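Thanks for making time this morning. I would like to walk through one structure with you, slowly, and then take your comments.

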Amino acid sequence: MSAAEIAIAVSLGLLVGTLSGLLGVGGGFIMVPGMVVLLGETQHVAQGTSLMVIIPTAIVGTITSARVRSMPWRLIASVGAGGTLGAGLGVYIALHVSDGTLRRIFGILLLFVAARMLFRPRRQPMGEEI
Amino acid sequence: MLQARVLPAMLVGFVGGIASGMLGVGGGIILVPALVFLFHLPQRDANVVSLAAIAPMAAVGAFFFAGSGNVDTRVAAGLLTGSMLGAMVGVKLLTRAPEALLRTLFAVVVALAGLRMLFP
């Protein structure tokens with residue numbers, strides 16, 4: 001890996017990590033195309049590497065949060081438990097099945113979600129407690 | 001109150017997990033809107049819950065991708081160096097940013113991700 005590639009990887013990581021901590025996402029939707037376009041990785045290697053990077057990033061972000069606020073661990077554990085099952089199925093689809101249809105379903109779903117978030121704002125919540 | 005939400009929460013996680021494993025992403029793009037619209041969490045709380053739930057999901061995905069040789073450890077090391085630092089900065093920003101701004105930013109990111117899924 002050349003010095004330029006290391007610089008690209010670290011800068012991409014900095015951008016992804018900041019978005020990750022701020023928005024509560026993994027950042028894979030930026031990291032995966034970033035690795036494919038800027039670093040010449042194949043799609044599958046980019047996806048695998050992205051997932052690998054997301055683990056410590058999410059852990060660091062969570063620890064940083066937990067130091068300044070209370071965390072709803074029961075809810076987190078429930079979502080995480082369902083998520084591990086789904087992730088297994090998702091990887092199977094990625095590696096063994098054509099994912100075109102599911103991709104389109106997710107894509108359309110996300111556009112609806114974005115539109116609703118932008119144009120029909122929910123009432124301000126009464127409090128911050130969970 | 002939260003006990004009654006265990007099964008729906010697991011279902012939300014399940015759908016997010018499929019997206020995560022399939023696309024190599026965290027799945028937060030699915031989790032956060034689900035937590036906001038279905039569980040009525042404030043945007044800030046949804047982001048925090050999502051980020052914490054993402055770690056085990058990504059671990060499952062990474063395990064299988066690594067098993068099939070699909071991880072570039074050197075690139076991962078470079079990305080990690082930046083992303084762990086970024087995560088600390090991002091969380092600090094999260095605690096200060098107004099709800100409305102968080103919501104708009106998130107919506108823009110969701111729209112971009114949706115477009116990318118439709119036009120890879």
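Let me begin with a term I will need: a salt bridge here is a side-chain nitrogen of Lys or Arg within 4 Å of a carboxyl oxygen of Asp or Glu. Please also keep in mind throughout that what you see is a predicted model.

With that term in hand, which side chains meet in a salt bridge between the two chains? They are those of B:Asp45 and A:Arg69, with 2.7 Å from N to O, which falls within the 4 Å that the definition asks for. Across the interface of chain B and chain A the rule finds 1 salt bridge, and a search of the whole structure, over all chains, likewise gives 1. As for where the partners sit, A:Arg69 lies in the loop between H3 and helix H4 (73–96) of chain A, while B:Asp45 belongs to helix H3 of chain B, so the pair joins two chains. In general, side chains of opposite charge can pair when their charged atoms come close.

Let me step back to the chains themselves. Chain A has 5 helices and 0 strands, and its elements run α-α-α-α-α from the N terminus on; its C-alpha atoms fill a box of roughly 50 × 35 × 30 Å along the principal axes. Chain B also has 5 helices and 0 strands, follows the pattern α-α-α-α-α along the sequence, and has a C-alpha trace that spans about 40 × 30 × 30 Å along its principal axes.

Now to the interface as a whole. Here 96 residues of chain B are in contact with 91 residues of chain A, and the two chains bury about 8300 Å² between them, with 78% of that on carbon and sulfur atoms. The rule also finds 13 residue pairs in polar contact across this interface, both residues being at pLDDT 80 or more. On the chain B side, helices H1 (6–23), H2 (28–37), H3 (43–67), H4 (73–96) and H5 (99–118) each supply at least two of the residues that touch chain A. Which of them gives the most? That is H3(B), with 22 residues. Sorted by class, the residues on that side of chain B divide into 64 nonpolar, 24 polar and 8 charged.

That brings me to the two H3 helices. Helix H3 of chain A, residues 43–68, packs with H3(B) at an angle of about 145°, the axes lying 7 Å apart, and H3(A) passes H3(B) in a left-handed crossing. On the H3(A) side, the residues that meet H3(B) include A:Leu51, A:Ile55, A:Ala58 and A:Thr62, and among those they meet on H3(B) are B:Leu51, B:Ala55, B:Ala58 and B:Phe65. By class, this helix contact has 16 nonpolar and 7 polar residues, with no charged ones.

I will stop there and take questions.

Definitions and conventions: Residues numbered from 1 in each chain as written. Chains lettered and ligands numbered in written order. Predicted model: local features only at pLDDT ≥ 70, side-chain atom pairs only at ≥ 80, totals over all residues. Heavy atoms only, no water. Contact = heavy atoms within 4.5 Å. Buried area = accessible area lost by both parts, 1.4 Å probe. Polar contact = N/O pair within 3.5 Å; in protein donor to acceptor, adjacent residues only side chain to side chain. Helix = DSSP H or I, 4+ residues; strand = E, 2+ residues; numbered from the N terminus. Nonpolar A, V, L, I, M, F, W, Y, C, P; charged D, E, K, R; others polar. Axes fitted to C-alpha atoms, helices over the stretch in contact; angles between N-to-C directions. Left-handed = near helix turned anticlockwise from the far one by under 90°.
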